[in-house]
Amino acid sequence: MRLGSPGKRLQFGLVAVLVLFAVIGGRLVQLQGLDGTAYASQAERLRLRTVVLPAQRGDILDRDGNILARTVAARTVFADPTLVVDPAATAARLAAPLGVDQPTLLTQLTKPGRFVILKRAMLPEAAQAVVNLKLAGIGTQPESQREVPGHDLAANVIGFVGRDGTGLAGIESRYDTVLRGKAGVHDYQTAPGGQAMPSDLERTVPAVPGRSVQLTLDRDLQFVAQQALSERMKQTGAYTGSAVVLDVKTFQVMAMASYPTFDAGNPAVAPATALGNAAVSNVVEPGSIHKAVTISGALQAGVIDGNTVMTVPPTITKGGKTFRDTHKHGTVGITLMGILAQSSNVGTIEIADRLGAQGVYDYQRKFGLGSKTGLDFPGESPGIVQPPSKWSGPSYGGIPIGLGVAVTPLQMAVVYATIANNGLRLTPSLVRGFKTADGDFVAAPRPKATRVVSPEVAAIMRTDLSAITSKHATGKSAAIPGYVVAGKTGTGQRVENGHYTQGNVTSFIGMAPAANPRYVVAVFVHAPNGVGGAVSGPVFQELMGYLLRHYRVPPEGKAPPELFLAAARPGD
Amino acid sequence: MTAPARLPAVRPRPQPAPGGKSAPSLRVVPPRSLQAPRAPFVALVVGLLAAGLLGLLLLNTVIAEDSFQLHTLQQRGNALDLQQQQLQRDIDALEAPTALAARARAMGMVPAGSPAFIRLSDGKVLGVPEPATSPVPIRLASPKPSAAAPAAAARTPKPAATAPFPAPAPQPSPR
């Protein structure tokens with residue numbers, strides 16, 4: 001073919017150009033139309049960075065807003081062993097600033113892989129010092145760390161968080177969704193060098209910081225409670241113990257101590273037995289402190305009254321089991337005050353006989369035994385009370401005096417707080433409310449109230465319980481000079497895995513000032529030996545004494561009532 | 001139709017006139033040159049371009065500068081945050097009840113005894129005031145740290161000479 005002719009040449013050129021354009025057009029359709037979105041998103045991915053903005057976890061505060069737990073910025077120091085030039089020299093230089101010994105560091109630095117954590121949770125300043133050493137292959141990355149400035153202060157209530165910042169126990173776990181907040185994101189375009197480029201694709205969804213949880217605990221009181229409890233525990237060689245302080249008008253938990261305890265900032269090193277909250281999850285046999293339930297119930301049911309004098313023989317036998325009193329006596333007349341002050345088993349069993357098994361059970365349930373208190377704490381136990389259909393012969397003697405009953409220390413504190421609050425039982429609470437980062441405060445719901453006994457019965461009980469610290473009674477060690485204390489000692493046992501454990505669960509629960517109580521303090525100590533008054537009384541005394549001083553509660557200016565043991569009251 | 005009428009006008013080639021007599025010759029006046037002087041126009045375009053480019057450059061510079069400033073300020077903010085956190089941590093540690101109690105004890109303080117209350121209405125004294133007593137005898141002379149420090153200081157230089165086995169290599173102090 002001759003291409004010389006211009007017409008042919010033009011035609012050929014036209015065809016060539018058309019083919020070329022067809023190819024280009026086809027490719028265009030392929031790229032833009034068919035694979036378009038994929039390429040576009042690929043390109044976007046190359047430029048677009050998404051950064052998760054972690055939400056700051058809320059604080060845990062005490063009732064006055066003091067910090068009990070907070071989240072702080074920290075750094076993890078890591079190594080890329082493939083980039084470390086001289087592991088031995090690097091280990092030597094890092095040992096001091098990291099506080100990790102040299103051989104450990106050396107093994108870490110010579111591990112295979114490209115990411116080895118050398119030290120977690122370093123303070124930012126300390127981590128900066130490491131960065132300033134400019135060691136090859138060593139870097140830091142930010143993390144957040146839960147800090148508990150009080151260490152073991154209220155640790156068993158606060159609980160702890162896992163490494164990823166999720167609450168695993170206590171308040172941290174129960175209110176995790178409140179504390180956690182909501183993470184945000186920041187999308188932006190980057191230049192190849194990594195700098196942010198302003199663009200319309202930039203998008204920021206700010207993180208919503210978690211809300212703070214304000215507890216009802218008083219930091220100082222909590223400290224005194226833990227101090228007094230742990231000192232007594234050490235003196236008596238006790239196994240576990242707990243102390244609860246309730247405000248009588250609100251049933252707010254002012255202090256809740258548990259022993260053994262742990263450092264909430266470093267729970268990893270604590271034994272598992274120290275992590276729980278003994279006041280709500282330890283189930284114990286109440287012993288004599290349960291007598292208040294039996295006697296209040298009998299008073300409310302009308303089978304006895306405030307002036308009743310029981311004729312009490314030395315022993316009483318139920319279902320083949322003989323119950324006797326600690327104080328040896330013949331057949332004597334004992335007032336209710338005498339029965340409570342001297343903790344007469346026989347007298348209480350006689351009263352229970354009048355009330356009947358169903359009555360005892362009903363009042364146990366009305367006082368809140370056998371069901372969770374509503375504190376809403378993880379791991380809370382409901383305890384066990386048996387309905388009359390399940391009572392065996394000895395139960396008729398044991399249950400009225402608190403044997404064969406399983407309760408938590410908090411449940412018993414609620415029983416006594418009900419008597420202190422004129423017979424009105426409220427749901428105990430540990431949380432006052434929630435605070436947003438802006439400082440808005442939302443109060444926790446008001447506690448639910450249940451009438452258990454009448455104000456008159458409660459008043460009789462308070463009077464009859466107030467001989468407990470007199471010289472013939474079982475709770476002398478709990479006396480507070482100048483004040484009248486109404487309370488009760490108890491000695492029971494602890495059942496674990498269906499068997500009684502060694503030692504006694506000794507307890508003292510009391511309220512002061514007796515005529516118009518402000519606080520209830522319950523102390524439970526599981527000690528190898530000893531009884532309620534001797535072991536737990538001193539803790540009560542120290543704690544209640546501190547409470548009254550701290551909150552400036554004036555004494556009533558009256559002497560403790562005289563103990564009427566065998567005689568009738570004046571005027572009878 | 002206007003086209004045929006205009007056609008002769010755009011065809012300047014004159015038709016030979018019928019007859020010998022020459023008609024008055026009609027001639028299209030050459031259109032007045034529409035071309036404005038070239039130079040100002042070019043200057044305007046170049047000027048606009050230059051201004052646009054310059055503006056763009058300025059805008060970019062300002063944005064870049066702002067982002068640098070943003071970066072610097074953010075860094076400063078972070079540093080201040082850290083400092084605030086550090087100071088808050090110090091405060092927390094100092095005001096924790098445990099620390100307060102320990103320091104009070106070191107200063108020779110003891111828990112208060114039971115106070116008495118004076119009722120203003122009748123001037124009656126309620127309660128049994130008791131002086132505070134120390135559960136353990138207090139050594140007012142020196143709290144532990146200062147007593148231990150000189151002893152430790154006196155001992156440290158010596159062991160190198162008397163130690164039966166080589167003393168551990170001195171740890172580099174952190175600061």
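**View 1. Helix α4 of chain A and its buried residues.** In this predicted model, helix α4 of chain A spans residues 102–109, and Leu105(A), Gln108(A) and Leu109(A) are buried there. Why do they sit on the same side of α4(A)? They cover an arc of only 95° around the axis, which puts them on the same side of the helix.

**View 2. Helix α5 of chain A, with neighbours in both chains.** Helix α5 of chain A covers residues 124–132, and its buried residues include Pro124(A), Ala127(A) and Val130(A). These three cover an arc of only 115° around the axis, which places them on the same side of α5(A). Which elements do the buried residues of α5(A) pack against? In chain A they meet β3, α3, β4 and β5, and in chain B they meet α2 (38–95).

View 3. Follow the chain past α5(A) and you come to Lys134(A), which is placed in the loop between α5 and β5 of chain A. Is Lys134(A) buried or exposed? Lys134(A) is exposed, with a relative accessible area of 71%.

**View 4. Arg219(A), a residue touching both chains.** Arg219(A) belongs to helix α9 of chain A, residues 219–236. With a relative accessibility of 11%, Arg219(A) counts as buried, since the cut-off for buried is under 20%. Which residues does Arg219(A) touch, leaving aside those up to four places away in sequence? From chain A there are Asp62(A), Asn66(A), Leu68(A) and Leu153(A), and from chain B there are Glu95(B) and Pro97(B).

**View 5. Helices α16 and α17 of chain A where they cross.** Here α16(A), residues 409–420, packs with α17(A) at an angle of about 110°, and their axes are 8 Å apart. The two helices are therefore roughly perpendicular to each other. On the α16(A) side of the contact you can find Tyr416(A), Ile419(A) and Ala420(A); on the α17(A) side, Ala458(A), Met461(A), Arg462(A) and Leu465(A). Sorted by class, this contact has six nonpolar residues, no polar residues and one charged residue.

View 6. Ala467(A) lies in the loop between α17 (455–465) and β20 (486–492) of chain A. Its relative accessibility is 0%, so Ala467(A) counts as buried. How far apart are Ala467(A) and Gln342(A) in space, C-alpha to C-alpha? The distance is 9.1 Å, although 125 residues separate them in sequence.

**View 7. Two cis peptide bonds in loops of chain A.** The bond from Tyr259(A) to Pro260(A) is cis, with omega near 0°. Pro260(A) is in the loop between β11 (253–259) and α10 (278–281) of chain A. Another cis bond runs from Ala512(A) to Pro513(A), where omega is near -15°. To find Pro513(A), go to the loop between β23 (504–512) and β24 (519–527) of chain A.

**View 8. Arg552(A), in the segment after α18.** Beyond α18 (532–550) of chain A lies the segment that holds Arg552(A). Arg552(A) is not a glycine, yet it has a positive phi of about 50°. Its relative accessibility of 63% counts as exposed.

**View 9. The two chains, for orientation.** Chain A has 18 helices and 24 strands, and 50% of its 572 residues count as buried. Chain B has five helices and two strands, in the order α-α-α-β-β-α-α along the sequence, and 6% of its 175 residues count as buried. The accessible surface of chain A is about 25,200 Å², with 56% belonging to carbon and sulfur atoms. Chain B exposes about 15,500 Å², and carbon and sulfur atoms supply 68% of that area.

Technical notes:
Residues are numbered from 1 along each chain as its sequence is written. Chains are lettered from A and ligands numbered from 1 in the order in which they are written. This is a predicted model: local features need pLDDT of at least 70, side-chain atom pairs count only at pLDDT 80 or more; totals for chains, interfaces and linings use all residues. Side-chain values use heavy atoms; hydrogens and water are left out. Buried means under 20% relative accessible area, exposed over 50%, partly exposed in between (1.4 Å probe, protein chains only). Helices (H or I, at least four residues) and strands (E, at least two) are DSSP runs, numbered from the N terminus. The arc is that of the directions from the helix axis to the C-beta atoms. Accessible areas come from the Shrake-Rupley method with a 1.4 Å probe; for residues, only the protein chains shown count as cover. Axes are lines fitted to C-alpha atoms, for helices over the stretch in contact, and angles run from 0 to 180 degrees between N-to-C directions. Angles under 35 degrees count as roughly parallel, over 145 as roughly antiparallel, 65 to 115 as roughly perpendicular and the rest as oblique. Contact means heavy atoms within 4.5 Å. Ala, Val, Leu, Ile, Met, Phe, Trp, Tyr, Cys and Pro count as nonpolar, Asp, Glu, Lys and Arg as charged, and the others, Gly among them, as polar.
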